[in-house]
Amino acid sequence: TERTLILVKPDGVKRGLTGQIIARIEAKGYTIAELKQVSATRELLAQHYAEHEGKPFYEPLVEFMLSGPVVAIVAEGHAVITGFRSLAGTTDPTTAAPGTIRGDLGRDWGLKVQQNLVHGSDSPESAAREIGIWFGN
Ligand code: ATP
């Protein structure tokens, strides 16, 4: 069955939303295969966000992801990659649809980086790569 890498970002952990986010993943019918709270390192984030290097939001994004612990999750289930991205909602929490994690729980805080509570892999290739980065192979 398919697997995806989900991160509860530092804003989600700090606001005490980890439980609610996990509950939504489980309520949708996906299985939690792995779960740990970790403090990311610059090296790890450079790998995870390699595709964004050089973009204007890259440095603020890395600083934000270093600002507190994250909860890394491997979720499992048929079509979980697309399913979780749908649960998460679109990137900008201001306009993410109500009913989604970002739409219900997130907002714009007027910062350089969108603090949008969660990350989810966007393809099977990204999922395999990102699970390797956060959990090893
Ligand atoms: P992901 O689940 O990987 O976060 P995404 O498609 O929502 O997927 P990406 O485009 O991969 O987001 O960007 C990674 C992260 O960088 C976003 O989740 C957000 O926190 C931040 N970000 C993306 N675009 C912007 C932007 N234009 N301005 C500020 N922050 C941004």
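Predicted model: local features only at pLDDT ≥ 70, side-chain atom pairs only at ≥ 80, totals over all residues.
Let's start inside. The largest nonpolar core has 29 residues, and the members that touch the most others are Ile6, Val8, Val70, Ala75, Phe84, Ile101 and Val118. At least two core residues come from each of these elements: strand E1 (3-8), strand E3 (70-76), and the helices H2 (18-27), H4 (58-65), H5 (80-88), H6 (101-105) and H7 (124-135). The top contributor is E3, which gives 6 residues. As general background, nonpolar side chains in soluble globular proteins tend to be buried together.

Setting aside residues up to four places away in sequence, Val70 touches Leu7, Val8, Lys9, Pro10, Val13, Val38, Ala40 and Met65.

One of those partners, Lys9, deserves a look of its own. You'll find Lys9 in the loop between E1 and helix H1 (10-14). Is Lys9 buried or exposed? Lys9 is buried, because 26 other C-beta atoms lie within 10 Å, and the cut-off for that label is 20 or more. Not counting residues up to four places away in sequence, Lys9 touches Met65, Val70, Leu117, Val118 and His119. In an unreviewed UniProt entry, Lys9 is listed under "binding site", together with Phe57, Arg85, Thr91, Arg102 and Asn116.

From Lys9, step across to His119. His119 sits in strand E4 (residues 118-120), and the unreviewed UniProt entry places the feature "active site" there. His119 counts as buried because it has 23 C-beta neighbours inside 10 Å. Apart from neighbours within four places in sequence, the contacts of His119 are Ile6, Leu7 and Lys9.

Next comes Asn116, in the loop between H6 and E4. Asn116 has 23 C-beta neighbours inside 10 Å, so Asn116 counts as buried. Leaving out neighbours within four places in sequence, Asn116 is in contact with Thr91, Pro93, Arg102 and Gly106. Among these, Thr91 and Arg102 are also on UniProt's "binding site" list.

So which residues surround the ligand? They are Phe57, Leu61, Thr91, Val113, Gln114, Asn116, His119 and Gly120. By type, this shell has 3 nonpolar residues, 5 polar ones and no charged ones.

Notes:
Residues numbered from 1 in each chain as written. UniProt positions renumbered as here; feature names shortened; annotations may be inferred. Helix = DSSP H or I, 4+ residues; strand = E, 2+ residues; numbered from the N terminus. Buried ≥ 20, exposed ≤ 12 C-beta atoms within 10 Å, placed from the backbone. Contact = placed C-beta atoms within 7 Å. Near = placed C-beta within 6 Å. Nonpolar A, V, L, I, M, F, W, Y, C, P; charged D, E, K, R; others polar. Core = buried A, V, L, I, M, F, W, Y, C linked by C-beta atoms within 7 Å.
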